[in-house]
Amino acid sequence: MSAVLDERPVDAAALQRISAFLLREARLLDTEGWDEWLALMTEDIHYWMPAVENRRRVDKLGAWEPGRGAYFDDKHLDLSRRIARFKQPTAWAEDPPTRHIHVVSNIEAFHTEVPNETRVYSAFVNYRSRGERDNDMLLGRREDILREEDGRLRIARRTVRITQSLLLSKNLNTFF
Amino acid sequence: MSDKDCSGSCHRLNQPPSTEPLPYLDRLMDLEQGRLSRRVYWDHAIYEQELEKVFGRSWLFLAHESQLPSSGDFLVTSMAEDSVIVVRQKDKSIKAFLNTCPHRGNKVSFSDAGNTRQFICNYHGWSFGIDGALRGMAGQELFEQSGMNKSEHGLHPVAQVASYKGLVFGNMDPNAPSLDEFLGDFRYYLDVMLDMDGQGTEFVGACVKSEIHCNWKVPAENFVGDIYHALWTHDSAAHAMLGGPVAPVYKDPDSYHVNVNGHGWEFNLDIVGNAATLGDKEIRKYLWSIQPQVAKRLGEFRSKMIGSISSCNVFPNLSFLPGQNTFRVWQPRGPNKIELHTWTIVNKSAPEQIKERWRKGAMLTFSPSGVFEMDDGENFEFSTRSNAGFLARQQDLYMGLGRDTRLSDTELPGNVFRNQVNEANHRAFYQRWKDLMAARSWAEVPLRDSPSLGEEAFKHDEVRA
Amino acid sequence: MSKVFLIKRQDLAPGRACKVSAADKTPVAIYNVEGRFYATHDLCTHAEASLAEGEIVDGDCIACPLHDGQFHIPTGQAVSHPCTVDLRTYLVIEDGDDIYADLSQESEEAAAAI
């Protein structure tokens with residue numbers, strides 16, 4: 001994470017555009033717009049959601065790190081395979097459909113050294129309801145690198161950090 | 001590591017009083033008819049007995065040696081519902097202790113893993129060495145004046161700790177047979193995963209934990225013998241990763257169920273069938289490339305199991321999938337809930353980039369976000385939850401597939417059955433379960449599958465012709 | 001000057017610590033830090049523990065075996081929780097293979113520290 005003092009926030013218009021982008025992304029995920037959602041990723045996307053360990057503060061290894069446990073550690077091909085499964089008529093865990101809500105908040109955006117890339121922080125609530133009484137709520141933070149290509153914003157890097165170390169969900173049939 | 005390696009002070013581990021077995025065990029199953037009562041998944045009385053008679057006496061998986069390379073390295077895991085600290089000693093042995101302070105009972109270690117010089121309870125600052133001994137506390141002189149002898153108040157040790165080829169197990173019962181006896185001839189099959197080239201295995205990544213609202217036996221029996229479900233449950237994942245449906249495995253004549261004293265492995269001999277689901281040709285190439293040397297070490301037959309369409313459960317609740325290399329324990333948390341602990345296992349000698357591909361591929365397919373595992377969760381949960389219904393619970397389940405498939409003229413050790421689409425391993429799992437539930441001590445547990453192989457069968461470093 | 005024989009050089013390996021009792025029963029911990037010898041009072045200033053039973057960490061600190069509080073060996077300074085009171089050090093005199101301590105004097109490093 002960059003030092004707080006070095007952060008250069010984007011201007012109001014850019015922040016508005018970025019917020020609209022993230023909210024539309026959330027609506028695509030809420031409505032099973034899988035293909036349009038995948039189209040928001042760059043070809044070199046790294047989509048990473050590490051698993052969380054409980055470690056003491058003195059332990060230099062920390063709670064999470066590249067190369068350790070992860071729920072998503074995906075390139076573009078991996079994301080497309082997940083979506084291929086969602087679209088199969090035999091994806092039984094999706095039939096009847098799960099109802100998703102993605103709430104996105106705490107959006108902040110900063111310039112990076114790369115002119116067409118912005119670092120964007122956000123917090124989220126991911127809530128799923130399935131059947132009668134299967135409800136799963138996960139909260140966390142995201143750190144994204146958004147890249148402007150051909151006048152359009154895309155996600156080039158996403159790191160998702162949930163708060164749970166023991167995942168209280170039987171599956172993660174969702175994106176964050 | 002010696003098998004009867006009692007951690008040293010067994011008098012520090014009170015044993016539960018031996019209770020009478022449940023009187024209705026015989027009504028819970030008719031294995032010859034292929035019937036199982038749903039009560040095994042639901043009844044609290046059965047679950048409480050399992051804690052004593054199945055988990056309190058069996059060898060339970062604790063760790064892989066590779067997770068604890070240096071002295072002071074520790075991790076926290078479970079033996080059924082007991083939280084346990086596993087720690088590498090200065091003399092390189094491994095000890096395990098109940099993760100609870102003997103003073104007022106507080107949890108001792110709140111972290112999942114790390115390295116430490118001592119364990120200090122957050123409540124009153126009692127300090128324990130990595131060998132579990134109580135080193136001291138503030139106001140020690142007052143305790144001494146009260147007649148306290150520190151050596152009697154160390155952490156409670158797990159009665160026995162032993163390893164087999166990198167896998168560390170613990171047993172709460174000091175009178176349980178050794179780990180080698182418990183695994184018996186099943187080690188012949190375990191060597192397919194653990195001893196491909198003599199250099200052993202390691203875990204990569206970390207432990208990923210999740211909660212599923214099912215009885216622990218539902219996924220355990222799935223892994224012990226159920227490839228059949230893959231055709232329907234995992235059709236979507238197969239299309240996503242392989243571009244087509246799961247192969248019609250029930251048509252393969254060269255596939256098997258094998259089991260020994262409740263441990264079971266179902267498999268075919270296509271070498272890479274499971275590994276193929278990772279959608280990574282580098283992993284398939286790696287397996288094809290090592291298969292000839294595995295054949296020299298373990299024989300042609302076993303060399304074809306290294307990544308084939310298969311699954312395994314070591315009784316009671318340690319499962320893995322060769323090929324995807326996912327390694328897991330279904331930790332019971334009551335009759336209707338488990339904590340799933342998952343790791344990824346690889347050969348130590350595999351190239352780094354192959355290990356990395358496996359670390360990612362195992363998670364992509366078999367994890368809470370795994371494209372295969374995602375459809376299992378609902379099956380496991382609702383197979384358990386339907387038994388809330390009083391009338392549902394009076395009905396029996398079918399478990400009779402493959403009753404006519406036993407092979408008697410085979411050189412393979414253990415009980416061998418033709419065709420991996422079968423429920424022979426399920427029946428063997430429940431036979432062992434019932435034998436333990438019916439026994440007041442290990443002395444009353446029948447040894448249904450005596451060892452036919454000598455110990456040298458598991459030592460492969462002698463030159464084979 | 002109260003010069004006390006502690007140990008022969010070859011009897012304590014680098015990175016290790018051990019304990020001796022002075023004539024007046026003062027417990028003295030001896031440390032071999034990369035070939036250089038130091039001595040302090042053996043009792044931790046926080047709780048009743050023998051520092052000689054602890055471990056030398058970070059090169060020149062002793063970690064108490066009880067609660068892992070650490071002291072800087074050359075100066076005796078308490079450097080980590082829960083230790084707050086500095087350790088009494090003793091001046092070490094190395095005479096060939098024989099290691100002595102003068103229990104009436106602090107180590108040079110302790111004396112020089114503010």
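**View 1. Overall dimensions of chain B.** Chain B has a radius of gyration of 22 Å, which agrees with the value near 23 Å that a compact globule of 465 residues would have; the radius is taken over C-alpha atoms, and the globule rule is 2.2 Å times the number of residues to the power 0.38. The model is predicted: local features need pLDDT of at least 70 and side-chain atom pairs count only at pLDDT 80 or more, whereas totals for chains, interfaces and linings use all residues. Residues are numbered from 1 along each chain as its sequence is written, while chains are lettered from A and ligands numbered from 1 in the order in which they are written. Along the principal axes, the C-alpha atoms of chain B fill a box of roughly 75 × 55 × 45 Å. The chain holds 13 helices and 21 strands, which are DSSP runs numbered from the N terminus (helices H or I, at least four residues; strands E, at least two). Of the 465 residues in chain B, 53% are buried; a residue is buried if 20 or more other C-beta atoms lie within 10 Å of its own, exposed if 12 or fewer, and partly exposed in between, with C-beta atoms placed from the backbone. Among the contacts in chain B with a separation of 6 or more, 67% join residues 24 or more positions apart; two residues are in contact if their C-beta atoms, placed from the backbone, lie within 7 Å.

**View 2. The contact between chains A and B.** Two pairs of chains are in contact, and chains A and B share the most contacts. Chain B contributes 36 residues and chain A contributes 31 residues. On the side of chain B that touches chain A, the elements giving two or more residues are strand S7 (113-115), strand S13 (201-212), helix H7 (235-242), helix H11 (352-365) and helix H12 (374-385) of chain B. S13(B) gives the most to this side, with eight residues. The residues on this side of chain B comprise 14 nonpolar, 12 polar and 10 charged (Ala, Val, Leu, Ile, Met, Phe, Trp, Tyr, Cys and Pro count as nonpolar, Asp, Glu, Lys and Arg as charged, and the others, Gly among them, as polar).

View 3. Strand S7 (residues 166-167) of chain A runs parallel to S13(B), and two bridges join them; strands pair if DSSP finds at least two bridges between them. Leu167(A) stands opposite Ser210(B) in S13(B).

**View 4. The contacts of chain C.** Nine residues from chain C meet nine residues from chain B. The chain C side of this contact divides into five nonpolar, one polar and three charged residues. Chain A and chain C are joined by no contact, and their closest C-alpha atoms lie 12 Å apart.

**View 5. The open sheet of chain C.** Three strands in the order S5-S6-S7 (chain C) form an open sheet with antiparallel pairing. Strand S5 (55-57) and strand S7 (70-72) of chain C are the edge strands, each pairing on one side only. S5(C) and strand S6 (residues 61-63) of chain C pair in the antiparallel sense over three bridges, and Val57(C) stands opposite Cys61(C) in S6(C).

**View 6. The surroundings of Asp60(C).** Asp60(C) lies in the loop between S5 and S6 of chain C. Asp60(C) is partly exposed because 17 other C-beta atoms lie within 10 Å. Beyond its neighbours within four places in sequence, Asp60(C) is in contact with Val33(C), His72(C), Ile73(C) and Pro74(C). Asp60(C) and Val33(C) are 27 residues apart in sequence and 6.2 Å apart in space, C-alpha to C-alpha.
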